[in-house]
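Dear colleague,

Please find the structure below. My notes on it follow.

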Amino acid sequence: MRNLASLVILASLSFCIGCSSDFGDVSGTVTLDGKPLKDIAVRFEDEGGSATIARTNAEGKYVLQYSLDQMGAPVGKHKVTIFTPAPVSEGTGDRAPKEVVPARYNSASTLVREVKPGNQVLDFDLTTDKGKSGP
């Protein structure tokens, strides 16, 4: 019985040790018509429905963070949506800002990116021109 308990603990520990290798560190830049997009949300959703989100800085750069203690996103294919987030409000009645990102990158997004183990840069060069296919 004691050996069984030891095996269960060892199996649990080895599973958790492998957890971080199932994530890829993802960063990049989001531009619209060549200009960096500031304060834009970048959301990666894996096939299991888990989402990782980041917000761009003044230079349009983002870094994905899955949770407080886990950077990156789970390894695998992700649907990507890029959108103008609602403002952080403390009951002031602030209205959501006008969406600056074309719908084909958010509500009608067909963007898909593969997250691999290790560090990777995934940039998004978006366009407002409907004739272009985008990233």
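Apart from its neighbours within four places in sequence, Thr81 is in contact (heavy atoms within 4.5 Å) with Ala41, Val42, Arg43, Tyr105, Asn106 and Ser109. Thr81 lies in strand 9; strands (E, at least two residues) are DSSP runs, numbered from the N terminus. Its relative accessibility is 13%, so Thr81 counts as buried, a term that means under 20% relative accessible area with a 1.4 Å probe, protein chains only.

This is a predicted model, in which local features need pLDDT of at least 70 and side-chain atom pairs count only at pLDDT 80 or more, while totals for chains, interfaces and linings use all residues. Residues are numbered from 1 along each chain as its sequence is written, and side-chain values use heavy atoms, with hydrogens and water left out.

Strand 9 covers residues 76-83, and Gly76 is part of it. Gly76 counts as buried because its relative accessibility is 16%. Not counting residues up to four places away in sequence, Gly76 touches Arg113, Glu114 and Val115. Between Gly76 and Glu114 the C-alpha to C-alpha distance is 5.4 Å, at a sequence separation of 38 residues.

Beyond four places in sequence, the contacts of Ile82 include Val30, Val42, Phe124 and Leu126.

Regards

Key
Helices (H or I, at least four residues) and strands (E, at least two) are DSSP runs, numbered from the N terminus. Buried means under 20% relative accessible area, exposed over 50%, partly exposed in between (1.4 Å probe, protein chains only).
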